[in-house]
Amino acid sequence: MVQLLVILHALLAVGLLGALTHQAFSVARRPSAHGHSFVDRYRGVNSPTFTNVIVLLFVITSIGGGLLYPRYRIDVRSTLEDLQLRAANGVFEIKEHFAALGLGLLPAYWLFWRPPLAAEYAAARKYVTWMLAFVVWWNFLVGEVLNNIKGLYP
């Protein structure tokens with residue numbers, strides 16, 4: 001059951017990562033007149049349509065992480081402590097804090113992306129979106145690395 005929950009958590013995280021990365025790139029710079037490059041096409045999405053999905057995926061993925069947390073404390077963290085991998089435990093602690101900060105940013109994020117998009121909130125949309133993207137990328141990478149460390153040391 002735990003393996004199924006880990007896989008579901010990872011799949012939701014990948015979906016969140018994709019949607020938020022698309023949206024972050026769409027607000028990264030001004031659109032060019034010629035949208036022929038891969039990057040221009042990648043960032044040429046209808047960004048506001050991602051907002052509700054991103055909020056929902058962030059909350060559901062965080063809840064999934066919370067359900068997996070007791071298992072992490074028992075299985076993975078004890079292994080990391082036995083191997084004296086203090087840095088790995090430290091980055092997971094940062095991951096927890098970033099997830100909480102991301103949850104705290106969601107109301108502002110949702111408010112700034114609510115249609116009609118006000119021009120005076122363009123900078124706020126950009127920075128909040130990129131902060132959330134950083135949180136999601138950090139949490140995804142740290143989670144995957146720690147999961148792999150546990151697999152390397154049975």
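A salt bridge is taken here as a side-chain nitrogen of Lys or Arg lying within 4 Å of a carboxyl oxygen of Asp or Glu, and by this criterion the structure holds three salt bridges. The structure is a predicted model, in which local features need pLDDT of at least 70 and side-chain atom pairs count only at pLDDT 80 or more, whereas totals for chains, interfaces and linings use all residues. Residues are numbered from 1 along each chain as its sequence is written, and side-chain values use heavy atoms, with hydrogens and water left out.

The chain averages a pLDDT (the predictor's confidence in each residue, from 0 to 100) of 87, and 86% of the residues score at least 70. The chain contains five helices and zero strands, where helices (H or I, at least four residues) and strands (E, at least two) are DSSP runs numbered from the N terminus. Confidence is lowest in helix α2 (residues 38-43), with a mean of 59, and highest in α4, at 94. Where pLDDT is low, the predicted coordinates should not be read in detail.

Of the 154 residues of the chain, 32% count as buried; buried denotes under 20% relative accessible area, exposed over 50%, and partly exposed the range in between, with a 1.4 Å probe and protein chains only. In helix α1, the buried residues include H9, A13, L16, L17 and L20. The 25 residues of α1 (residues 2-26) should span 36 Å at 1.5 Å a residue, and the end C-alpha atoms of this helix are 36 Å apart, in agreement with that value; the expected span of a helix is 1.5 Å times one less than its number of residues.

Side chains of opposite charge can pair when their charged atoms come close. The side chains of E93 and R73 meet in a salt bridge with an N to O distance of 3.7 Å; because E93 lies in helix α4 (residues 86-112) and R73 in helix α3 (residues 51-82), this pair ties together parts that are 20 residues apart in sequence. E93 is partly exposed, with a relative accessible area of 24%, and R73 is likewise partly exposed, at 37%. Within helix α3, E81 forms a salt bridge with R77, the closest N and O atoms being 3.1 Å apart, and these two residues, four apart in the helix, are separated by about one helical turn. E81 counts as partly exposed at 44% relative accessibility, whereas R77 is buried, with a relative accessible area of 17%. E93 also forms a salt bridge with R77, with closest N and O atoms 2.7 Å apart; here α4 contributes E93 and α3 contributes R77, so the pair ties together parts that are 16 residues apart in sequence. Through shared partners, the salt bridges join R73, R77, E81 and E93 into one network.

The largest pocket has a volume of about 920 Å³. A pocket is defined on a 1 Å grid over the protein atoms alone, as an open set of points with protein on both sides within 12 Å along at least five of seven lines, where a 1.4 Å probe fits, and lining residues have an atom within 4 Å of a point. Grid points are joined across faces, edges and corners, and the volume is the space filled by probe spheres set on the points. The largest pocket is lined by 34 residues, of which H9, G65, L68, F92 and K95 lie nearest its centre. Helices α1, α3, α4 and α5 (122-152) each give two or more residues to the lining, and the largest share, 11 residues, comes from α3.
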